[in-house]
Amino acid sequence: MSNRIPRTRMHAVAAMVAAPVLALLLSCAAGSASTGESLPHESRALSVVPLRCSGCTGDIARTSRARELFEDAESFRRAFLESVPEGTEVPEVDFSRFVVVAAWMGQQANCGSALAIPSARESGTRVEVEVRTSLPGNCAADDAISYPFCFARVEKVAKPYVFLEKTETRVCE
């Protein structure tokens with residue numbers, strides 16, 4: 001009595017094992033093909049271009065903390081002109097391709113605070129906009145009331161935009 005498996009039977013067993021593995025590999029490859037569309041669990045970085053950020057401004061109409069999304073030129077123009085010194089030119093934005101996100105810090109006791117909008121990511125169900133707040137901590141700063149703000153242009157995506165907050169406090173010696 002031989003312990004050898006007949007060659008045809010061995011091929012049949014190998015094919016039974018290989019078929020599900022091959023099917024799994026092919027389905028993974030098909031799901032990861034680059035079609036320009038994100039799968040629900042993927043995220044991708046969006047382009048972010050700062051339009052104007054300021055940490056030390058004078059008396060500005062936006063005196064309280066706020067985060068806003070602008071999808072049209074007129075509402076962006078109004079908010080921008082409320083936030084910048086008189087005579088500042090409003091940046092051009094193609095609202096068919098981009099939105100503008102903005103953050104205001106509200107009144108601060110000195111010019112040591114700042115806001116930035118460094119990144120945005122499209123995830124499965126939303127666009128996450130990072131707002132980075134920088135506080136002066138024990139660092140020296142001009143002793144003037146300020147109203148930090150930041151405007152940035154972000155790629156337009158047909159999903160809700162949410163703001164994710166990150167705060168850092170500087171430490172000086």
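Confidence in this chain is lowest in helix 1 (residues 7-31), with a mean pLDDT of 43, and highest in strand 7, at 97. Here pLDDT is the predictor's confidence in each residue, on a scale from 0 to 100. Helices (H or I, at least four residues) and strands (E, at least two) are DSSP runs, numbered from the N terminus. Over residues 8-38 the pLDDT is below 50, and beyond near neighbours in sequence this stretch has four contacts in the model, a contact being heavy atoms within 4.5 Å. The chain as a whole has a mean pLDDT of 81, with 75% of its residues at 70 or more.

A word on the ground rules. This is a predicted model, where local features need pLDDT of at least 70 and side-chain atom pairs count only at pLDDT 80 or more, while totals for chains, interfaces and linings use all residues. Residues are numbered from 1 along each chain as its sequence is written, and side-chain values use heavy atoms, with hydrogens and water left out.

Four strands form an open sheet in the order 1-5-6-8, with mixed pairing; two strands pair if DSSP finds at least two bridges between them. Strand 1 (44-46) and strand 8 (161-169) are at the edges with a single partner strand each, so one side of each has no neighbour in the sheet. From one strand to the next, the twist averages 30°.

Strand 1 runs antiparallel to strand 5, joined by three bridges, and arginine 44 stands opposite glutamate 122 of strand 5. On to the next pair: strand 5 (residues 114-122) and strand 6 (residues 127-135) are also antiparallel, with seven bridges between them, and a hairpin of four residues connects them. Across this pair, leucine 115 faces threonine 133, and alanine 116 stands opposite arginine 132. In a regular strand the side chains alternate between the two faces of the sheet.

What about the interior? A nonpolar core is a set of buried (under 20% relative accessible area, 1.4 Å probe, protein chains only) Ala, Val, Leu, Ile, Met, Phe, Trp, Tyr and Cys residues joined through side-chain atoms within 4.5 Å. The largest one has 17 residues, and Ile117 and Val129 are among those touching the most other members. Strand 4 (98-105), strand 5, strand 6 and strand 7 (149-155) each supply at least two of its residues, with the largest share, four residues, coming from strand 4. A second, separate core of 14 residues includes Phe70 and Phe151.

Conventions:
Axes are lines fitted to C-alpha atoms, for helices over the stretch in contact, and angles run from 0 to 180 degrees between N-to-C directions. Buried means under 20% relative accessible area, exposed over 50%, partly exposed in between (1.4 Å probe, protein chains only).
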